[in-house]
Amino acid sequence: MSYFDVPEIKFEGSASRNPFAFKHYNPEELVDGKPMKDHLRFACAYWHTMRGTSSDPFGAGTALMPWDDGSDSLANALKRVDVFFEFIQKCGLDFYCFHDRDVSPEGRNLAETFDNFDAVTEKLLAKQKETGKKLLWGTANLFSHPRFMQGAGTSPSADVFAYAAANVKKAMDATLKLGGEGYVFWGGREGYNTLLNTDMKRELNHLAQLLKMAVAYKAKIGFKGQFYIEPKPKEPTTHQYDTDTATCMNFLREHGLLGEFKMNIETNHAELAQHTMAHELAVCVDNGILGSIDANSGTQNIGWDTDEFPTNLYMATDVMLAVLKMGGFTTGGLNFDAKRRRESFQPDDLFLAHIAGMDTFARALKIASEIKKDGFLEAFVADRYASWNSGIGAKIEAGEACFDCLSEYALKQGEPLATVKSGRQELLQATLNSFIR
Ligand code: XUL
Ligand code: CO
């Protein structure tokens, strides 16, 4: 039984005009001695690929899904698993990610919801064994159901908190069962719409309790995967607590949780925080907490989360420079948390969209590797800070200087303007351009 009238996607090289072929992603090709597929670790997001209908606030979904009967039945959920695995297999995506509610429906009560989830994860496990595909990370959807309208870990209702915790426990069990390499906490509705009705301090303490319980449960069940926090500054609430990496780090540090989590950085979320993706990734790499990446893109100047497929080579190059700088992914990868545009409604658009994203990142990997090998950026930055390598700079960095000695030094040296060198931004940008081809 086949659900897609599309062949297995193969690498044909950059001259190919076959839309259903990779022009740059050649999974086994070595880049710096490592196969491209191991550098990139592409993952497919179950929620967009299988559950995204392309509806928007003004109209019904447009996506054609001939395999889906539109119901929330368990039978329909089980059928989607077959469709999904055919898709990721033909598209050459080695990993996938899911929320509990993407794969299995809510039951009439929590026990039935858990039974549904068990039935679907059994099938996911069988399909993983059959195909060799792997789970990059799992997570719990603590935002769609009306019970979570005012938050989950930060809900004013202790009963909602308990319900959320039960679902996180179950989703962690499932992730362990499926050999998942990570588990994501994205804040969903953890935030507020107005401070007039919000005890922010209490809500944040509750959120920390939820994470502490997850850490304890992780040890209890022997889950060796990596925990990630996925920052996002707004949407759906006016203010999301996990605004950006720096905010998340401060929160984790305050609650003694810093060593337990890394970040899952999403391009569109970085943009909503009015940062560049490069900034968010640099904060992570500098602190040794870059875990995984939700590879997508926003639309410039719009201000909301559009989750587009990433096709911007400059942005993808920034991402791959950061990934290479940290020495490559360990548990993480590039998860296409991305959806086709509403106008791209045919089933084969799922392939074309992923091919576009995968080829973009394959090219970016090669470009980033060349930039790294050339070394012009590193050399420039090293030279820019050379005054710190010896003399007074080295003394300051070593913590051996004080105001009195610096004052004495400055009085003796006189005006330092002549020691300031050009930042050469335009030269660096132009040099970087010459690698993007
Ligand atoms: C929402 C978002 C989520 C997380 C997982 O903007 O990015 O899909 O990636 O919960
Ligand atoms: Co995401």
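This is a predicted model: local features need pLDDT of at least 70, side-chain atom pairs count only at pLDDT 80 or more; totals for chains, interfaces and linings use all residues.
## Domains

The domain assignment divides the protein chain into domain 1, residues 10-374, and domain 2, residues 378-435. Taken over C-alpha atoms, the centres of domain 1 and domain 2 are 40 Å apart.

Contact between the two involves 6 residues of domain 1 and 4 residues of domain 2. About 510 Å² of area is buried between domain 1 and domain 2, and carbon and sulfur atoms give 69% of that area. On the side of domain 1, the residues that lose the most area to domain 2 are Tyr314, Ile367 and Ile371, which together make up 58% of what that side buries. The count of salt bridges between domain 1 and domain 2 is 0.

## The cobalt site

Four residues coordinate the cobalt ion (ligand 2): Glu230 and Glu266 through OE atoms, and Asp294 and Asp337 through OD atoms, at 1.9 to 2.1 Å. In sequence, these donor residues follow the spacing E-x35-E-x27-D-x42-D. Glu266 and Asp337 link distant parts of the chain, being 71 residues apart. Glu266 belongs to strand β12 (residues 261-266), while Asp337 lies in the loop between β14 (334-336) and α12 (348-374).

The site of the cobalt ion (ligand 2) has 6 donor atoms, with angles of 80 to 171 degrees among them, and is octahedral. For six octahedral donors, the ideal angles at a metal are 90 or 180 degrees. Glu266 has a relative accessible area of 2%, so this residue is buried. Asp337 is buried too, with a relative accessible area of 7%.

## Arg80

Arg80 is part of helix α3, residues 74-91. Its relative accessibility is 3%, and Arg80 therefore counts as buried.

Leaving aside residues up to four places away in sequence, Arg80 touches Tyr46, Met50, Arg51, Asp68 and Ser71. Arg80 and Val120 are 40 residues apart in sequence, with a C-alpha to C-alpha distance of 9.8 Å.

## Salt bridges

Side chains of opposite charge can pair when their charged atoms come close. The whole structure has 23 salt bridges. One of them joins Lys170 and Asp118, with the closest N and O atoms 2.9 Å apart. This pair links distant parts of the chain, with Lys170 in helix α6 (residues 158-177) and Asp118 in helix α5 (residues 110-131), 52 residues apart. Lys170 counts as buried at 15% relative accessibility, whereas Asp118 counts as partly exposed at 28%.

Lys232 forms a salt bridge with Asp305, and their closest N and O atoms are 2.7 Å apart. Because Lys232 lies in the loop between β10 (226-230) and β11 (239-240) and Asp305 in the loop between β13 (290-294) and α11 (313-325), the pair ties together parts that are 73 residues apart in sequence. Both Lys232 and Asp305 are buried. Another salt bridge pairs Arg341 with Glu308, the closest N and O atoms being 3.9 Å apart. Arg341 is in the loop between β14 and α12, and Glu308 is in the loop between β13 and α11, so the pair links distant parts of the chain, 33 residues apart. At 30% relative accessibility, Arg341 counts as partly exposed. Asp82, Lys123, Lys127 and Glu130 are joined into one network by salt bridges that share partners.

Technical notes. Residues are numbered from 1 along each chain as its sequence is written. Chains are lettered from A and ligands numbered from 1 in the order in which they are written. Side-chain values use heavy atoms; hydrogens and water are left out. Donors are N, O and S atoms within 2.8 Å of the metal (3.2 Å for Na, K and Ca); water is not among the atoms, so sites may look incomplete. Four donors count as tetrahedral if all angles lie between 85 and 135 degrees; four count as square planar and six as octahedral if opposite donors are over 155 degrees apart and all others between 65 and 115; anything else is irregular. Helices (H or I, at least four residues) and strands (E, at least two) are DSSP runs, numbered from the N terminus. Buried means under 20% relative accessible area, exposed over 50%, partly exposed in between (1.4 Å probe, protein chains only). Domain bounds come from an automatic or database domain assignment. Contact means heavy atoms within 4.5 Å. Buried area is the accessible area (1.4 Å probe) that two parts lose on being put together, summed over both. A salt bridge is a side-chain nitrogen of Lys or Arg within 4 Å of a carboxyl oxygen of Asp or Glu.
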